[in-house]
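Please open the structure in the viewer and keep the selection tool at hand.

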Amino acid sequence: MSDFVAARATPPAMLQGFTPEGLLVHCEREGFAVGITIDEARKVIAHATQRGHDTGRDIANVRRHVRDEVFANIGVGRFELVERHASSVDPFVKYVFRLADGSLIETVRIPLHKEGRFSVCVSSQVGCALGCRFCATGTMGLVRHLAAWEIVEQVRYVARELREEKLGRVRGVVFQGMGEPLHNVEQVIDALGVMSHPCGLAIDARQITVCTAGMIPGILQLAQRAPRVRLAISVTTARRDVRRSLMPIEKRYDIGAVLDAARVFQKANGRMVMLSFALMRGVNTSLEDARALSELIGTGSEDPLPVRLSLVEHNTFEGSDFERPDAEEYQRFVDELMRLGVPVVRRYSGGGDIGAACGQLVTEGRDRGASATLQPES
Ligand code: SF4
């Protein structure tokens with residue numbers, strides 16, 4: 001976005017933010033480790049990202065000047081775990097990491113249905129500029145974008161812990177932590193490349209979900225440069241006036257135009273787009289909301305957008321104006337959606353007791369720092 005500046009700069013690149021191919025280009029451009037081969041680059045990246053080594057001393061079959069120069073010029077980034085909260089009601093774990101500039105970010109370990117398989121909910125920014133009214137992170141404003149390596153390192157940290165505790169493996173990643181990932185699209189696309197690369201974290205790209213509030217340029221970038229990942233759009237309501245009051249981004253990108261961009265992505269990706277709805281009592285659960293949504297996705301038309309609707313009940317946080325709907329209100333909404341032919345999935349959002357549920361991640365008060373908020377175009 002060109003009309004605002006994050007309060008702090010994104011830190012320099014570290015090795016965990018590179019694919020082998022990206023490292024070759026970087027070395028050539030910066031003029032070090034001249035002549036590095038793709039095979040050497042693969043070994044260097046696997047050494048730093050998979051095995052987590054800080055130096056190149058014990059990499060086999062990489063020429064000495066190459067490994068010395070790469071590690072001297074780029075290095076391996078680290079951040080510090082300052083809090084770790086395991087839920088007492090479900091097997092979720094929330095981590096709070098302190099970055100090199102003192103910023104705090106949150107990451108959540110999510111158990112999947114099959115035992116021994118986990119997903120990691122990652123942050124992509126410190127804070128967020130979009131200011132959605134139902135989201136704790138939105139109250140912080142944007143402090144800064146994360147570098148690609150800082151996004152990758154959250155997953156690597158959790159994967160290493162699972163390995164050491166012999167609990168299982170990371171099989172998926174979801175960009176639903178702090179920040180709007182497509183507002184930081186360049187670093188996010190670099191991180192996606194490393195996460196899914198066999199020399200990086202080797203996670204199947206189809207198991208990585210990028211969730212956006214509706215940044216159209218980012219969706220189109222993703223369609224071109226990372227079409228294998230899954231796209232999820234936080235719709236919240238298809239009633240424009242209500243959406244504008246809840247999500248300021250609607251003033252810039254109309255949800256109808258967002259779904260047009262989602263259609264471009266869906267054509268490149270071939271799978272259904274996920275639409276997510278955080279249900280709030282008396283706000284977005286009316287029969288009118290159900291009908292507006294059905295109209296938006298063109299249910300029953302000749303060419304409906306292939307979507308799956310993921311319903312999650314709003315997770316409240318201190319200072320939130322909203323509550324979750326009661327069972328009757330929820331069921332009435334679902335019944336109307338089903339009557340209209342909208343495919344619905346009810347999603348469990350765990351970790352509520354540790355503030356790890358969707359929309360609850362916030363580090364305000366511990367490290368707010370200066371921040372900026374996106375000003376939608378009038
Ligand atoms: S819901 Fe997402 S986009 Fe909206 S303020 Fe929260 S983190 Fe930002």
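Begin with helix H5 and the elements around it: the buried residues of H5 are covered by, among others, H2, strand E6 (141-145), helix H4 (148-164), strand E7 (169-175), strand E8 (208-212) and helix H6 (216-225). Helices (H or I, at least four residues) and strands (E, at least two) are DSSP runs, numbered from the N terminus. Residues are numbered from 1 along each chain as its sequence is written. The model is predicted: local features need pLDDT of at least 70 and side-chain atom pairs count only at pLDDT 80 or more, while totals for chains, interfaces and linings use all residues.

Now select H5 itself, residues 185-196. Its end C-alpha atoms are 16 Å apart, which agrees with the 16 Å that its twelve residues should span at 1.5 Å a residue; the expected span is 1.5 Å times one less than the number of residues. Eleven of the twelve residues are buried, so H5 is largely enclosed by the rest of the structure. A residue is buried if 20 or more other C-beta atoms lie within 10 Å of its own, exposed if 12 or fewer, and partly exposed in between, with C-beta atoms placed from the backbone. Among the buried residues of H5 are Val 185, Gln 187, Asp 190 and Ser 196.

Within H5, select Val 188, which is also buried. Which residues is Val 188 in contact with, leaving aside its neighbours within four places in sequence? They are Ser 124, Ile 151, Phe 175, Pro 181, Leu 182 and Val 210, where contact requires C-beta atoms, placed from the backbone, within 7 Å.

Next, colour the chain by domain: domain 1 is 19-73 and domain 2 is 80-354, with bounds from an automatic or database domain assignment. Their C-alpha centres lie 34 Å apart. Seven residues of domain 1 are in contact with nine residues of domain 2. Helix H2 (residues 38-50) supplies four residues, the largest share of the side of domain 1 that touches domain 2.

Proceed to the ligand. The residues around it are Cys 128, Leu 130, Gly 131, Cys 132, Cys 135, Thr 137, Gly 138, Gly 179, Glu 180 and Ala 213, each with its C-beta atom, placed from the backbone, within 6 Å of the ligand. By class, this shell has five nonpolar, four polar and one charged residues. Here Ala, Val, Leu, Ile, Met, Phe, Trp, Tyr, Cys and Pro count as nonpolar, Asp, Glu, Lys and Arg as charged, and the others, Gly among them, as polar.

Two loop residues follow. Asn 61, in the loop between H2 and helix H3 (64-73), has a positive phi of about 60 degrees although it is not a glycine. Asn 61 counts as exposed, with 7 C-beta neighbours inside 10 Å. Thr 236, in the loop between strand E9 (230-234) and helix H7 (240-246), is not a glycine either and has a positive phi of about 70 degrees. Thr 236 is buried, with 28 other C-beta atoms within 10 Å.

Finish at Gln 331 in helix H10 (residues 327-339), which counts as exposed with 12 C-beta neighbours inside 10 Å.

Technical notes. Two residues are in contact if their C-beta atoms, placed from the backbone, lie within 7 Å.
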